[in-house]
Amino acid sequence: MQIDKLRGPALDQLFEAILSLETIEECYSFFDDLATVNEIQSLAQRLEVARMLREGNTYQKIETETGASTATISRVKRCLNYGNDAYEMVLERIPKRK
(Lines give C-alpha, C1' and ligand atoms only; values in the text may rest on other atoms or scores of the structure.)
Protein backbone atom coordinates (compact mmCIF):
# COMPACT_ATOMS: atom_id res chain seq x y z
CA MET A 1 0.00 0.00 0.00
CA GLN A 2 1.23 3.46 -0.88
CA ILE A 3 -0.12 4.93 2.33
CA ASP A 4 2.09 2.65 4.42
CA LYS A 5 4.87 5.21 3.89
CA LEU A 6 2.77 7.67 5.91
CA ARG A 7 1.70 5.24 8.63
CA GLY A 8 2.24 6.59 12.12
CA PRO A 9 0.65 8.32 15.10
CA ALA A 10 -0.44 11.45 13.20
CA LEU A 11 -2.27 9.48 10.49
CA ASP A 12 -3.74 7.12 13.08
CA GLN A 13 -5.09 10.18 14.90
CA LEU A 14 -6.66 11.49 11.70
CA PHE A 15 -8.35 8.18 10.95
CA GLU A 16 -9.56 7.84 14.56
CA ALA A 17 -11.02 11.33 14.30
CA ILE A 18 -12.87 10.39 11.10
CA LEU A 19 -14.14 7.17 12.66
CA SER A 20 -15.45 9.16 15.64
CA LEU A 21 -17.81 11.21 13.45
CA GLU A 22 -21.40 10.12 13.99
CA THR A 23 -23.49 12.13 11.54
CA ILE A 24 -23.27 13.70 8.10
CA GLU A 25 -23.47 17.13 9.79
CA GLU A 26 -20.45 16.27 11.97
CA CYS A 27 -18.60 15.27 8.79
CA TYR A 28 -19.46 18.58 7.14
CA SER A 29 -18.19 20.50 10.18
CA PHE A 30 -15.00 18.48 10.58
CA PHE A 31 -14.02 18.47 6.92
CA ASP A 32 -14.85 22.17 6.63
CA ASP A 33 -12.28 22.84 9.35
CA LEU A 34 -9.81 20.20 8.14
CA ALA A 35 -9.54 20.73 4.39
CA THR A 36 -10.04 23.28 1.67
CA VAL A 37 -13.16 23.25 -0.46
CA ASN A 38 -11.06 22.10 -3.44
CA GLU A 39 -9.57 19.19 -1.47
CA ILE A 40 -13.00 18.04 -0.33
CA GLN A 41 -14.39 18.37 -3.86
CA SER A 42 -11.49 16.31 -5.23
CA LEU A 43 -12.14 13.49 -2.78
CA ALA A 44 -15.88 13.50 -3.49
CA GLN A 45 -15.19 13.60 -7.23
CA ARG A 46 -12.92 10.55 -7.06
CA LEU A 47 -15.56 8.55 -5.23
CA GLU A 48 -18.17 9.55 -7.81
CA VAL A 49 -15.77 8.57 -10.61
CA ALA A 50 -15.30 5.16 -8.95
CA ARG A 51 -19.05 4.68 -8.70
CA MET A 52 -19.54 5.59 -12.34
CA LEU A 53 -16.67 3.37 -13.54
CA ARG A 54 -18.09 0.50 -11.52
CA GLU A 55 -21.39 1.00 -13.30
CA GLY A 56 -19.63 0.78 -16.68
CA ASN A 57 -19.85 4.42 -17.75
CA THR A 58 -17.47 5.69 -20.42
CA TYR A 59 -14.62 8.10 -19.72
CA GLN A 60 -16.43 10.71 -21.80
CA LYS A 61 -19.63 10.47 -19.77
CA ILE A 62 -17.71 10.52 -16.49
CA GLU A 63 -15.66 13.51 -17.62
CA THR A 64 -18.81 15.37 -18.69
CA GLU A 65 -20.82 14.63 -15.54
CA THR A 66 -18.09 15.02 -12.92
CA GLY A 67 -15.61 17.40 -14.50
CA ALA A 68 -12.82 14.93 -13.68
CA SER A 69 -9.82 14.85 -15.96
CA THR A 70 -9.00 11.70 -17.89
CA ALA A 71 -5.89 11.42 -15.70
CA THR A 72 -8.06 11.33 -12.57
CA ILE A 73 -10.43 8.83 -14.16
CA SER A 74 -7.47 6.63 -15.15
CA ARG A 75 -6.01 6.77 -11.66
CA VAL A 76 -9.31 5.79 -10.07
CA LYS A 77 -9.72 2.98 -12.59
CA ARG A 78 -6.23 1.72 -11.76
CA CYS A 79 -7.19 1.67 -8.08
CA LEU A 80 -10.40 -0.21 -8.88
CA ASN A 81 -8.48 -2.78 -10.90
CA TYR A 82 -5.25 -3.13 -8.92
CA GLY A 83 -5.80 -1.40 -5.59
CA ASN A 84 -6.93 -2.55 -2.17
CA ASP A 85 -10.62 -2.93 -3.12
CA ALA A 86 -11.44 -0.05 -0.78
CA TYR A 87 -13.61 1.77 -3.34
CA GLU A 88 -15.60 -1.46 -3.77
CA MET A 89 -15.92 -1.90 -0.01
CA VAL A 90 -17.15 1.65 0.56
CA LEU A 91 -19.48 1.73 -2.45
CA GLU A 92 -21.05 -1.52 -1.27
CA ARG A 93 -21.61 -0.07 2.20
CA ILE A 94 -23.10 3.29 1.22
CA PRO A 95 -26.57 2.00 0.25
CA LYS A 96 -26.70 -0.02 3.46
CA ARG A 97 -26.30 3.15 5.54
CA LYS A 98 -29.24 5.01 3.99
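# Briefing: helices, salt bridges and buried residues

Arg51 and Glu48 are separated by about one helical turn, because they stand three residues apart in helix H3. Their side chains meet in a salt bridge (2.4 Å, N to O). The model is predicted: local features need pLDDT of at least 70, side-chain atom pairs count only at pLDDT 80 or more, and totals for chains, interfaces and linings use all residues. Residues are numbered from 1 along each chain as its sequence is written, and side-chain values use heavy atoms, with hydrogens and water left out.

**Salt bridges**

- A search of the whole structure finds six salt bridges, each being a side-chain nitrogen of Lys or Arg within 4 Å of a carboxyl oxygen of Asp or Glu.
- Glu48, Arg51 and Glu55 are linked in a network of such bridges.
- Arg51 is partly exposed at 27% relative accessibility, and Glu48 is partly exposed at 29%; buried means under 20% relative accessible area, exposed over 50%, and partly exposed in between (1.4 Å probe, protein chains only).
- A salt bridge also joins Glu88 to Arg54, with 2.8 Å between the closest N and O atoms.
- This pair links distant parts of the chain, since Glu88 belongs to helix H6 and Arg54 to helix H3, 34 residues apart.
- Both partners are partly exposed, Glu88 with a relative accessible area of 29% and Arg54 with 34%.
- Arg7 forms a salt bridge with Asp4, the closest N and O atoms being 2.8 Å apart.
- Arg7 counts as exposed at 56% relative accessibility, whereas Asp4 is partly exposed at 35%.

**Packing of H1 and H2**

- Two packed helices are described by the angle between their axes and the distance between the axes.
- The axes of helix H1 (residues 9-20) and helix H2 (residues 24-34) come within 10 Å and cross at roughly 150°.
- That crossing makes H1 roughly antiparallel to H2; angles under 35 degrees count as roughly parallel, over 145 as roughly antiparallel, 65 to 115 as roughly perpendicular and the rest as oblique.
- Leu14, Ala17, Ile18 and Ser20 of H1 meet Glu26, Phe30, Phe31 and Leu34 of H2, where contact means heavy atoms within 4.5 Å.
- By class, this contact has six nonpolar, one polar and one charged residues.

**The aromatic pair**

- The structure holds one aromatic pair, a term for rings of Phe, Tyr and Trp (its six-membered ring) whose centres lie within 6.5 Å.
- Phe30 and Phe31 form this pair, which is edge-to-face, at 5.6 Å centre to centre and 80° between the planes; planes under 30 degrees apart count as stacked, over 60 as edge-to-face and the rest as tilted.
- Phe30 is partly exposed, with a relative accessible area of 23%, and Phe31 is partly exposed at 21%.

- Met52 has its place in helix H3 (residues 37-54) and is buried, with a relative accessible area of 1%.
- Leaving out residues up to four places away in sequence, Met52 touches Asn57, Lys61, Ile62, Glu65 and Thr66.
- Met52 and Glu65 are 13 residues apart in sequence and 9.7 Å apart in space, C-alpha to C-alpha.
- Val49, also in helix H3, counts as buried at 0% relative accessibility.
- Beyond its neighbours within four places in sequence, Val49 is in contact with Ile62, Thr66, Ala68, Ile73 and Val76.

**A loop residue**

- Asp85 lies in the loop between helix H5 (70-82) and helix H6 (86-97); helices here are DSSP runs (H or I, at least four residues), numbered from the N terminus.
- Phi of Asp85 is near 65°, a positive value in a residue other than glycine.
- Asp85 counts as partly exposed, at 47% relative accessibility.

Conventions: Axes are lines fitted to C-alpha atoms, for helices over the stretch in contact, and angles run from 0 to 180 degrees between N-to-C directions. Helices (H or I, at least four residues) and strands (E, at least two) are DSSP runs, numbered from the N terminus. Ala, Val, Leu, Ile, Met, Phe, Trp, Tyr, Cys and Pro count as nonpolar, Asp, Glu, Lys and Arg as charged, and the others, Gly among them, as polar.
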